[in-house]
Amino acid sequence: MNGKEHIEKKINETMDSLDGMSRAVPSPFLFTRIEARMAATSSSPIWDAIVQFITRPYVAIAAILLVILLNTVAVFEIREADSTPREGSVADDYAAVAPIFLEEVE
Amino acid sequence: MDESTLILQLQRGDTNAYRSMVDAYGSLVYNTSLGIVQHEGDAEDVTQEVFIAVFESIADFKAEAKLSTWLYRIAVTKSLDLLRKKKRKKRFGLVQSLFGSSHEELPETGKFHHPGVLLENRERADVLFSAIAQLPENQKVAFSLHKVEGLSYQEIAAIMQTSLSSVESLMHRAKQNLRRFLADYYEKDKD
């Protein structure tokens, strides 16, 4: 038998090496382990649901957009408040009181 | 207990039915996963995940397919997910080790011994399993379900939700690739 035929024979034997095999069996404690794992994961279903909801991409993106929107509104509000003439309004307030005071002196 | 009764009891949340299902189908799920992931600890983890997924979604099971087909499908999906995750982790570990930032050792990729293989075939089966691990996902699943679980092409087609001719083609290509891998292996072994 030459080298090539020998290799071919080995390949055929290897290809057939799974014939007649039996099923592998899991640990006898499989059900107990599944129960334990389920109990561990379902210990706080409400918090799990909340975390699951918050971590959804569309919820996260919507939250980011809302924060940006609120910040933009806040910036515009502050700018508007800054641009109104404060000094004038304070002077008007005093002016409203001053004539009454002068009339009393006369 | 017949399958429809078992499903009804499972949908009612009967704990004894859960236990019966794990007892009846545990080895089916474990052996399927073991054939694909080729690691006993990982196969055990996948088996647990499969049954948890089944318990969580049994209410939606419409019995359009057999319960075993559904279990095979989940087992295959979860096993492939685990392999992808391990591959990603290995790649990341490799990159980290290149930059010297990781002190963790890469996972061992030693030979896998399936406990169900006949003693006289053990050595060759180990070589075959390492060749199966190199196959593309679909070929690996089809070949593993046929050889490790002993399923017919028709059953594999139902599990993989594909046609019989596609499974035949997958098996043909898997065998061709395996023969090529084995030829390389034995050529190197000869030197």
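A salt bridge here is a side-chain nitrogen of Lys or Arg within 4 Å of a carboxyl oxygen of Asp or Glu. With that rule in hand, a search of the whole structure turns up 11 salt bridges over all chains. Between chain B and chain A, the count is 7 salt bridges. Keep in mind as we go that this is a predicted model.

So what does the predictor itself say? For the complex, it reports an ipTM of 0.84 and a pTM of 0.74. Chain B has an average pLDDT of 91, and 94% of its residues score at least 70.

Let's start with chain A. This chain has 5 helices and 0 strands, and reading from the N terminus its elements go α-α-α-α-α. Of the 106 residues in chain A, buried ones make up 13%. Ala81(A) and Phe29(A) are 52 residues apart along the chain, and 70 Å separates their C-alpha atoms. Ala81(A) has a relative accessible area of 39%, so it counts as partly exposed, since that class runs between the 20% limit for buried and the 50% limit for exposed.

Now bring in chain B. The contact draws 44 residues from chain B and 26 residues from chain A. Together the two chains bury about 3,200 Å² between them, with 66% of that on carbon and sulfur atoms. On the chain B side, the residues that lose the most area to chain A are Gln48(B), Arg124(B) and Arg179(B), which together account for 19% of what that side buries.

How many residue pairs are in polar contact across the interface of chain B and chain A? The rule finds 14 of them, counting pairs with both residues at pLDDT 80 or more. As for which parts of chain B are involved, the elements giving two or more residues to the side that touches chain A are helix 2 (15-37), helix 3, helix 5 (122-132), helix 6 (137-147) and helix 8 (164-190). Helix 2 of chain B supplies the largest share of that side, 10 residues. By type, the residues on the side of chain B that touches chain A split into 23 nonpolar, 9 polar and 12 charged.

The side chains of Glu44(B) and Arg33(A) meet in a salt bridge, at 3.4 Å from N to O. Glu44(B) lies in helix 3 of chain B and Arg33(A) in helix 2 (residues 30-41) of chain A, so this pair joins two chains.

Asp45(B) is partly exposed at 34% relative accessible area, and Arg37(A) is partly exposed at 25%.

Arg37(A) has another partner to show you. Arg37(A) forms a salt bridge with Glu49(B), where the closest N and O atoms are 3.3 Å apart. Glu49(B) lies in helix 3 of chain B, so with Arg37(A) in helix 2 of chain A the pair joins two chains. The relative accessible area of Glu49(B) is 29%, which makes this residue partly exposed.

Staying on helix 3 of chain B (residues 40-57), we come to Thr47(B). Thr47(B) counts as buried because its relative accessibility is 0%. Which residues does Thr47(B) touch, leaving aside its neighbours within four places in sequence? They are Leu30(A), Gly26(B), Val29(B) and Tyr30(B).

Last stop: Arg124(B), one of the residues that lose the most area to chain A. Arg124(B) is linked with Lys9(A) and Glu13(A) in a network of salt bridges.

Notes:
Residues numbered from 1 in each chain as written. Chains lettered and ligands numbered in written order. Heavy atoms only, no water. Helix = DSSP H or I, 4+ residues; strand = E, 2+ residues; numbered from the N terminus. Buried < 20%, exposed > 50% of the residue type's maximum accessible area, 1.4 Å probe, protein only. Contact = heavy atoms within 4.5 Å. pLDDT = per-residue confidence, 0-100. Buried area = accessible area lost by both parts, 1.4 Å probe. Polar contact = N/O pair within 3.5 Å; in protein donor to acceptor, adjacent residues only side chain to side chain. Nonpolar A, V, L, I, M, F, W, Y, C, P; charged D, E, K, R; others polar.
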